[in-house]
Amino acid sequence: MIRAEELTFDYERLDEEGNVESKKRAVDHVNLHIRPGKFIAVLGHNGSGKSTLAKHINAILMPAEGTLWVDGMDTKEEGKLWSIRQEAGMVFQNPDNQIIGTVVEEDVGFGPENLGVPTDEIWRRVEESLGAVGMLKYRHHSPNRLSGGQKQRVAIAGVMAMHPRCIVLDEPTAMLDPHGRASVIQTARKLNREEGITIILITHYMEEVVEADHIFVMDQGKIVMQGDPRTIFSRVEELKRLRLDVPQATLLAFELQKRGIPLPDGILSNEELVDRLCQLKSKM
Amino acid sequence: MLRDITLGQYYPAKSIIHQLDPRVKLVTTMIFIISLFVAKGITGYAVATLFLVMAVRMSRVPFKYITKGLKAVFMILMITVVFNLFLMDGEIELWRFGFLRITDKGVRTAGFMALRLIYLIIGSSIMTLTTTPNDLTDGLERLLSPLKRIHVPVHEIAMMMSIALRFIPILLEETDKIMKAQMARGADFESGNLIRKARAMVPLLVPLFISAFRRANDLAMAMEARCYHGGEGRTKMKPLHYESRDKTAYAVVWGYFLLVTAITWFQRQYGVMLL
């Protein structure tokens, strides 16, 4: 679905004459391969290059070196630009700054309109995508009156209506309250499971990635760790060094382990921790 | 204070006016504005008032909501009234103090001018309150589409307008927020003379502009990410076509305009000035 080879990108600072004054490497020789239908998470603290990487998938940024393929299409090919953007939709961080329409359904229709989809089909898609994110009853509302989480779900519906095979969510929950955060992540998971859409979730909240199929951890533009959540979260010390917060249950299990309580590595949820502790207790 | 500007805010409701084709509403607003400048005297304005009252009633937008928009232009209104009141030269002097004098003609002109401005704002508010900006843009785009032939970027203009309208409430909210944040740090927007007040606006406007640019950047990216590439090859979710009610509305509006013009013409022709 998505493949990157030696992907590199520099942010250039230009002086007044337009010459390159300094360069900051944001993505540094990244190689990755994402299979269709997976739920992928990209973790990293601020400035680790994860958002820059995300913008490459949607061909908003072009690699300075290396290549990125979306469904076999090289993002550097001019002619493929719109097919790539249709194939790989993108949801951004700020819910206000990505809603174009003044009524929910008009916003969802914006993408298909741009693609030149016939009118009847647009309406069908709008209904279908609003239904998929559970926002159908707000279709005539003004986006200004929705909560942050609802706005993000509308934004997801807006991408869905373009029938992408992959949705990149670039820190969609960073500006939301816990409730909104949960609803957005739930929606993303549901789309992944039920519609088979590849989800690439960029975030720095560890709790959100517990159920991902595969995690990439980025630091200073490089992928420093990858694997399933269990493997990643068993490396607590390393994650701490990368300034990432481990889920509380994992952290507690890790500390208990250090004190000599025989718990397995990579406990992810409260329930799991409780289960394990109860098992231990019954053995005693 | 800033939240009171209703211009450009859609008021969702189900009414005949809401359902009208945006082109009808745009043309109607234009005709209504022109009619306000054509109309002379009480009869003309009575007809305009009748028309406006009818439109307000049919729009099902609470009258209070519409008049909120007036507060924002209250100052301009007052200035116009004061100037007209004192500077118009008439025959019958009503009041005099030094070089200031109010004449009958001054009162008349000031009154009509105030009425004209108020009607103008209410009229255009009804249009923006009952039409979603997207519809408005579509209507404008279609109305202006002949200009494409002379290379006027009609679609782009229409898009810019609709985005501006969408961001008005967001930026107002932001202004409010920045104002409070600066007030919490001891900024004073209320006291002092005009120059000091103007200077106090700087710490308000600078962050507002920065944030507006940031938003514009984000929005442009979001639009591109959703395959926006100008008007070419774009389909419409809500394509415009005239229904029978739109034709009726056109008939009513033109009827109204003819009536106002006829009244004015009649008054001028026969000198029958009913005031």
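**Domains, chains and a helix pair**

Between domain 1 of chain B and domain 2 of chain B, about 1200 Å² is buried, and carbon and sulfur atoms give 74% of that area; buried area is the accessible area (1.4 Å probe) that two parts lose on being put together, summed over both. This is a predicted model, in which local features need pLDDT of at least 70 and side-chain atom pairs count only at pLDDT 80 or more, while totals for chains, interfaces and linings use all residues. Residues are numbered from 1 along each chain as its sequence is written, chains are lettered from A and ligands numbered from 1 in the order in which they are written, and side-chain values use heavy atoms, with hydrogens and water left out.

Domain 1 of chain B comprises 1-131 + 242-275 and domain 2 comprises 134-238, with bounds that come from an automatic or database domain assignment. Their C-alpha centres lie 27 Å apart.

Towards chain A, chain B buries an area of about 3200 Å², of which carbon and sulfur atoms give 56%. Of the area that chain B buries against chain A, Arg166(B), Arg226(B) and Met237(B) supply 29%, more than any other three residues.

Within chain B, helix H2 (residues 22-38) and helix H3 (residues 41-59) pack at an angle of about 155°, their axes being 10 Å apart; helices are DSSP runs (H or I, at least four residues) numbered from the N terminus, and axes are lines fitted to C-alpha atoms over the stretch in contact, with angles running from 0 to 180 degrees between N-to-C directions. H2(B) and H3(B) are therefore roughly antiparallel to each other, a term for angles over 145 degrees.

Methods:
Helices (H or I, at least four residues) and strands (E, at least two) are DSSP runs, numbered from the N terminus. Angles under 35 degrees count as roughly parallel, over 145 as roughly antiparallel, 65 to 115 as roughly perpendicular and the rest as oblique.
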